[in-house]
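I set down each look-up in turn.

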Amino acid sequence: MALPIEDYALIGDRHTAALVGRNGSIDWLCLPRFDSPACFAGLLGDDDHGHWQLVPVGEWTSTRRYVDDSTSLETTFTTADGVVTLLDLMPTGDDRADVVRRLTGVEGTVRFRHEWVVRMDYGHIKPWVTRHHPGKGDHAITAVAGPDMLVLRGPRLPTPTDHKHADEFDVAAGDTLTFSTTWVRSSDPIPDKEKMKKRIKATIRDERGWLDQCKLEGLPHRDAVVRSLLTLRLLTHEKTGGIVAAPTTSLPEAFGGSRNWDYRYCWLRDAALTLEALISAGATEEAEKWRTWLLRAAAGDPADLQIMYAVDGARRLPEIELDHLPGYADSRPVRIGNGAVTQRQTDVLGEVMIALSESRDAGVPSDANAWSLQRQLVDALADSWQEPDHGIWEIRGPVQHFTHSRAMVWAAFDRAVRAVEDHGLEGPVDRWRELRDAVHAEVCERGFDTERNTFTQHYDTREVDASLLVLPLIGFLPGDDPRVLGTIAAVEADLMCDGLVLRYRTESGVDGLEGDEHPFLACSFWLVSAYAEAGRPDDARALLDRLVGLCNDVGLLAEEYDVDGDRMAGNFPQAFSHLALVQAAFRLHQHQQ
Ligand SMILES: OC[C@H]1O[C@H](O[C@H]2O[C@H](CO)[C@@H](O)[C@H](O)[C@H]2O)[C@H](O)[C@@H](O)[C@@H]1O
């Protein structure tokens with residue numbers, strides 16, 4: 001049975017990631033890549049859909065932390081008989097896909113239960129499980145199904161009972177027991193045993209080294225920013241540079257509802273915003289890598305640019321419902337793939353152009369191919385920007401002339417102009433200036449409700465939308481412009497739910513979906529930034545404090561927050577929430593200096 005979302009923590013190797021519960025159970029793991037089929041899918045079903053658990057027998061309590069500024073997770077279990085820590089991590093820096101779990105006895109003697117229940121293909125397939133002795137003193141269990149093999153190693157291995165592998169043993173003070181699960185192709189030989197101690201140290205060292213380049217002095221909520229940056233890095237594929245929106249699929253936006261989506265892909269929007277957050281912290285290496293990812297993914301006719309791709313840039317992400325999974329808290333359907341892939345979302349190029357412009361400003365070396373791609377994309381936009389779209393929220397209702405999308409069209413032309421003016425790049429700057437000004441005028445006329453003094457969600461409605469909070473953040477208007485202040489007031493009046501911000505009013509029916517949703521954390525962080533820009537630093541600070549207080553015990557955030565249930569909702573951890581946290585902290589810091 002899955003735990004509340006906030007009771008999970010993330011570990012990963014920058015190729016894929018796992019969710020570890022505070023009960024020592026890995027309930028979600030896709031191997032070898034973020035979007036591979038899960039081999040532990042208990043998160044979206046029950047124990048029989050796959051999990052790997054190390055937990056004391058009987059009553060226990062647990063506390064958790066990440067070891068220093070790393071993504072190695074330490075869970076401390078306390079029982080009446082003693083204390084044991086469990087270290088969980090996925091070593092990085094090599095071509096192996098391992099999950100390593102180390103138990104260390106701290107006090108007394110604690111009896112532990114070990115369960116290794118592998119179910120390939122998202123909890124669907126019971127694998128063929130066998131024992132091996134690959135070398136002297138080396139024991140392994142392999143689980144094979146179709147293309148995949150998992151190899152379990154450890155000082156003592158569980159035995160089969162009823163399609164599960166289970167064991168019980170004592171952990172005494174001073175004992176160390178290290179277990180590992182390794183993925184290989186089922187046609188490959190069993191991989192060699194590794195010296196895990198060395199790899200654990202190297203992995204922790206690598207993360208600390210990466211953080212050293214970040215400039216975080218004086219930032220509000222530094223620890224929350226550090227955790228967010230490390231999480232964003234964990235969601236960035238080491239080899240390809242693709243950035244996934246979250247490592248999970250179908251954690252529900254409303255418990256028991258159908259708003260369940262697969263986020264294990266690279267949205268240009270989410271990735272571009274992630275880069276902005278990383279760049280503001282001084283981590284520019286990822287920007288260069290992602291730019292090359294973009295070049296590969298977008299190769300071809302600029303008119304065929306998609307709004308999202310797979311980690312390796314693949315284009316087809318058909319949305320499929322997995323009927324065999326009951327869903328998290330009975331939230332059905334469980335979906336893999338994402339139908340939004342074929343949508344028109346005009347905002348995306350604006351976000352991409354802003355991120356690439358910030359990379360340039362931050363000194364990321366220029367690349368002729370990257371500029372040539374940007375030119376082509378902006379030229380294609382010049383011919384198509386007036387078409388209606390599905391907008392930033394990927395609505396599944398009829399397309400509209402979304403105000404945020406148009407403001408982002410303005411941003412795309414604006415950043416193209418700046419590239420020429422500030423960086424001496426070549427381009428038809430007069431035409432881009434003309435288009436930029438025309439779009440600005442149109443948005444201020446057709447996307448603005450003069451009676452209420454607010455921008456509107458789209459040109460044919462009087463509803464507001466939290467995405468409008470972004471307008472001052474991209475420089476569309478100054479933060480203290482009366483039209484921006486009016487829009488903040490309208491968002492406060494229409495979209496606040498117990499102090500947090502909803503994306504839009506679902507009652508309007510604009511999204512074409514059944515059911516409702518909870519406040520969206522990224523939008524709530526945007527309000528922090530908008531307050532800072534509007535000259536309301538106290539409100540910004542108070543809201544940022546509140547939002548950071550919603551992070552779970554290890555500093556992670558899902559997509560939404562259920563204020564009535566006081567729990568997280570939606571995919572977890574979500575890049576959007578963490579990148580917006582980082583941006584809000586920097587924005588507030590900037591205004592406080
Ligand atoms: O609300 C319906 C849509 O929800 C998802 O989109 C959201 O997540 C994306 C990834 O973080 C983000 O880019 C987008 O702005 C969000 O609205 C889902 O992926 C869509 O399929 C769905 O239509």
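Entry 1. I looked up the packing of α4 against α5 and found that their axes come within 9 Å and cross at roughly 155°. Axes here are lines fitted to C-alpha atoms, for helices over the stretch in contact, and angles run from 0 to 180 degrees between N-to-C directions. The two helices, α4 and α5, are therefore roughly antiparallel; angles over 145 degrees count as such, under 35 as roughly parallel, 65 to 115 as roughly perpendicular and the rest as oblique. The crossing of α4 with α5 is left-handed, that is, the near helix is turned anticlockwise from the far one by less than a right angle (clockwise would be right-handed). I noted Ala271, Leu275, Leu278 and Ile279 of α4 meeting Glu286, Ala287 and Trp290 of α5. The residues of this contact divide into six nonpolar, no polar and one charged. For these classes, Ala, Val, Leu, Ile, Met, Phe, Trp, Tyr, Cys and Pro count as nonpolar, Asp, Glu, Lys and Arg as charged, and the others, Gly among them, as polar.

I recorded the provenance: this is a predicted model, in which local features need pLDDT of at least 70, side-chain atom pairs count only at pLDDT 80 or more, and totals for chains, interfaces and linings use all residues. Residues are numbered from 1 along each chain as its sequence is written. Helices (H or I, at least four residues) and strands (E, at least two) are DSSP runs, numbered from the N terminus.

Entry 2. I then examined α4 itself, residues 268-280. Its 13 residues should span 18 Å at 1.5 Å a residue, and the end C-alpha atoms are 18 Å apart, which agrees; the expected span is 1.5 Å times one less than the number of residues. Of the 13 residues of α4, 12 are buried, so the helix is largely enclosed by the rest of the structure. A residue is buried if 20 or more other C-beta atoms, placed from the backbone, lie within 10 Å of its own, exposed if 12 or fewer, and partly exposed in between. What covers the buried residues of α4 includes α3, β16, α5, β17, α6 and α13. Gly282 follows α4 with a positive phi, near 95°.

Entry 3. How many residues of α6 are buried? I found 12 of the 15, so α6 is largely enclosed by the rest of the structure. Its cover includes α4, α5, α7 and α8. The axes of α6 and α8 come within 7 Å and cross at roughly 30°. That makes α6 roughly parallel to α8, and their crossing is left-handed. By class, the contact has nine nonpolar, five polar and five charged residues. Just after α6, Gly363 takes a positive phi of about 90°.

Entry 4. I looked up Leu477, in the loop between β21 and α10. Leu477 is partly exposed, with 19 other C-beta atoms within 10 Å. Leaving aside neighbours within four places in sequence, Leu477 is in contact (C-beta atoms, placed from the backbone, within 7 Å) with Leu471, Pro472, Arg483 and Val484.

Entry 5. Lastly I looked up Ala2, in the segment before β1. Ala2 is buried, with 24 other C-beta atoms within 10 Å. Beyond four places in sequence, Ala2 is in contact with Asp27, Gly42, Leu43 and Tyr328.

Definitions and conventions
Two residues are in contact if their C-beta atoms, placed from the backbone, lie within 7 Å.
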